[in-house]
Number of protein chains: 2
Amino acid sequence: MEEQNKKILLVEDDPNFGTVLKDYLMMNDYDVVHAKNGMEGFEKFKKDDFDLCILDVMMPYKDGFTLAKEIREKNTDVPIIFLTAKAMKEDVLKGYKVGADDYLNKPFDSEVLLMKIKAIMQRKATDSVADSKQFEFKIGRFDLNSKLRFLKFDGGEPTKLSPKENELLRLLALHENDLMPRELALTKIWRDDNYFTSRSMDVYIAKLRKYLKPDPDVEILNIHGEGFRLVVNGND
Amino acid sequence: MEEQNKKILLVEDDPNFGTVLKDYLMMNDYDVVHAKNGMEGFEKFKKDDFDLCILDVMMPYKDGFTLAKEIREKNTDVPIIFLTAKAMKEDVLKGYKVGADDYLNKPFDSEVLLMKIKAIMQRKATDSVADSKQFEFKIGRFDLNSKLRFLKFDGGEPTKLSPKENELLRLLALHENDLMPRELALTKIWRDDNYFTSRSMDVYIAKLRKYLKPDPDVEILNIHGEGFRLVVNGND
DNA sequence: CCTTTTGTTAATGTAAGGTTAAACCTAATT
DNA sequence: AATTAGGTTTAACCTTACATTAACAAAAGG
């Protein structure tokens with residue numbers, strides 16, 4: 001099979017500008033889905049898998065940041081580029097906190113945008129080839145469905161997991177029996193590594209341990225100063 | 001564990017601005033090497049491993065782009081951020097072509113730079129997990145897993161090792177049956193060779209001997225004034 | 001011997017992790 | 001507008017893990 005075009009979600013309320021941009025991107029071999037506001041953007045995001053999101057910051061109903069946060073809850077990896085008219089410092093900072101990959105001030109040159117897109121895609125390509133699209137895990141007698149965010153014990157009633165619980169358990173599961181470095185979880189899930197996020201993470205470890213208690217063969221061990229290790233005994 | 005600070009190469013010809021920026025970065029826990037021009041920048045780059053390069057574009061003798069190209073020839077991965085006074089489109093494009101990770105126009109807000117650095121480092125954090133060196137050793141009837149920091153006797157329950165215990169035993173294992181000079185451990189693990197670190201090391205030797213007691217064929221011998229020797233009897 | 005080096009144990013101080021509850025925030029509902 | 005609910009962060013307090021230092025005993029080696 002030939003290489004699939006990259007899919008871009010473009011959320012931009014200005015119909016003229018949006019359409020022009022969409023056409024321009026499509027001319028450059030990207031598949032583009034254009035949403036006219038934050039609401040619609042989120043709906044479309046849920047329905048499909050995108051390689052990149054380009055979000056206007058100022059939109060009616062739901063601004064770009066809010067949308068980005070919702071997107072991040074569903075998907076921690078997809079790159080996000082913000083478009084903004086004003087280059088307010090707080091806005092930029094806010095953007096990076098939500099996990100922006102880049103930032104563009106309107107009006108911008110479309111070629112520049114194209115280069116940024118290329119650069120980001122390249123990073124993704126080299127970056128996380130490995131930690132792929134894996135969403136289902138067997139953890140001892142548990143089944144974790146990371147896409148639907150639930151945890152089942154012995155095929156019984158599923159326990160719902162919050163986004164953070166889910167992401168953390170997923171990261172641990174990806175490294176089953178191996179070290180999952182603190183730093184990794186903090187940068188990937190919390191997008192910041194400081195005293196508070198670190199404490200927050202500990203709180204979540206406690207929650208997960210509680211969830212995992214039913215199976216005595218499953219445990220989360222700490223490696224002092226390094227990180228955590230999800231071990232499943234009895235299958236070695 | 002002594003978490004290593006990230007190392008940044010800063011190449012900036014304006015002495016005032018360069019110094020201020022360097023200090024600011026160092027205050028934020030980065031190790032910064034400051035070069036005053038492209039030539040010097042490349043020399044310093046070759047001499048060390050950096051996690052990030054911040055290059056001024058306009059510099060005498062060798063501009064930022066040329067330097068970036070040379071850096072890319074040596075290292076395809078290290079992230080590069082360009083600083084530039086003028087926001088010429090061609091420059092931006094040129095930058096991305098050379099493989100820039102980001103682009104900042106002077107004057108810029110230092111907090112913004114900090115966020116960009118963080119964002120870039122986060123992206124990098126993902127792939128650095130995998131690199132496997134030598135972490136597993138068989139020592140008589142023991143198995144040392146130096147990555148997960150545990151020691152197993154006869155495949156039984158693993159004993160957890162502290163970072164220092166682990167490093168020291170690993171060094172001994174690397175020199176199994178051979179002399180492991182005091183000085184080596186002190187400079188590699190304690191990063192200082194004086195009376196106190198030396199005594200500290202002796203304390204750790206005592207701890208290791210205790211751990212290794214279960215196997216009578218394994219012992220740590222002292223070579224007076226020289227160092228220690230991890231010997232495994234019965235397999236020669 | 002008698003000085004230096006090493007062996008060992010215990011005491012101390014600090015940092016990291018564990019746990020629980022309260023505070024906070026935002027979205028959804030009344 | 002006020003309330004509620006879910007999710008997350010912050011705070012407080014406690015426990016455990018580590019590394020260093022001190023103190024004293026025992027070997028080594030000139």
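At what angle do helix 2 (residues 38-47) of chain A and helix 3 (residues 64-74) of chain A pack? The views below concern a predicted model, in which local features need pLDDT of at least 70, side-chain atom pairs count only at pLDDT 80 or more, and totals for chains, interfaces and linings use all residues. Residues are numbered from 1 along each chain as its sequence is written, with chains lettered from A and ligands numbered from 1 in the order in which they are written.

**View 1. Packing of helix 2 on helix 3 in chain A.** The angle is about 15°, and the axes lie 10 Å apart (lines fitted to C-alpha atoms over the stretch in contact; angles run from 0 to 180 degrees between N-to-C directions). The two helices of chain A are therefore roughly parallel (under 35 degrees). Helix 2 of chain A contributes A:Gly38, A:Gly41, A:Phe42, A:Phe45 and A:Lys46 to the contact, and helix 3 of chain A contributes A:Thr66, A:Leu67, A:Glu70, A:Ile71 and A:Lys74 (C-beta atoms, placed from the backbone, within 7 Å).

**View 2. The open sheet of chain A.** Five strands follow the order 2-1-3-4-5 with parallel pairing (at least two DSSP bridges between two strands). Strand 2 (30-35) and strand 5 (102-105) of chain A form the edges. From one strand to the next, the twist averages 20°. Helix 1 (residues 15-27) of chain A packs on the sheet, touching strand 1 (6-11) and strand 2 of chain A.

**View 3. Surroundings of DNA strand D.** Among the 21 residues that surround DNA strand D, the closest are A:Ser162, A:Phe196, B:Ser162, B:Lys164 and B:Phe196 (C-beta atom, placed from the backbone, within 6 Å). Helix 6 (163-174) and helix 8 (195-212) of chain A, together with helix 6 (163-174) and helix 8 (195-212) of chain B, each give two or more residues to this surface.

Technical notes:
Helices (H or I, at least four residues) and strands (E, at least two) are DSSP runs, numbered from the N terminus. Angles under 35 degrees count as roughly parallel, over 145 as roughly antiparallel, 65 to 115 as roughly perpendicular and the rest as oblique. Two residues are in contact if their C-beta atoms, placed from the backbone, lie within 7 Å.
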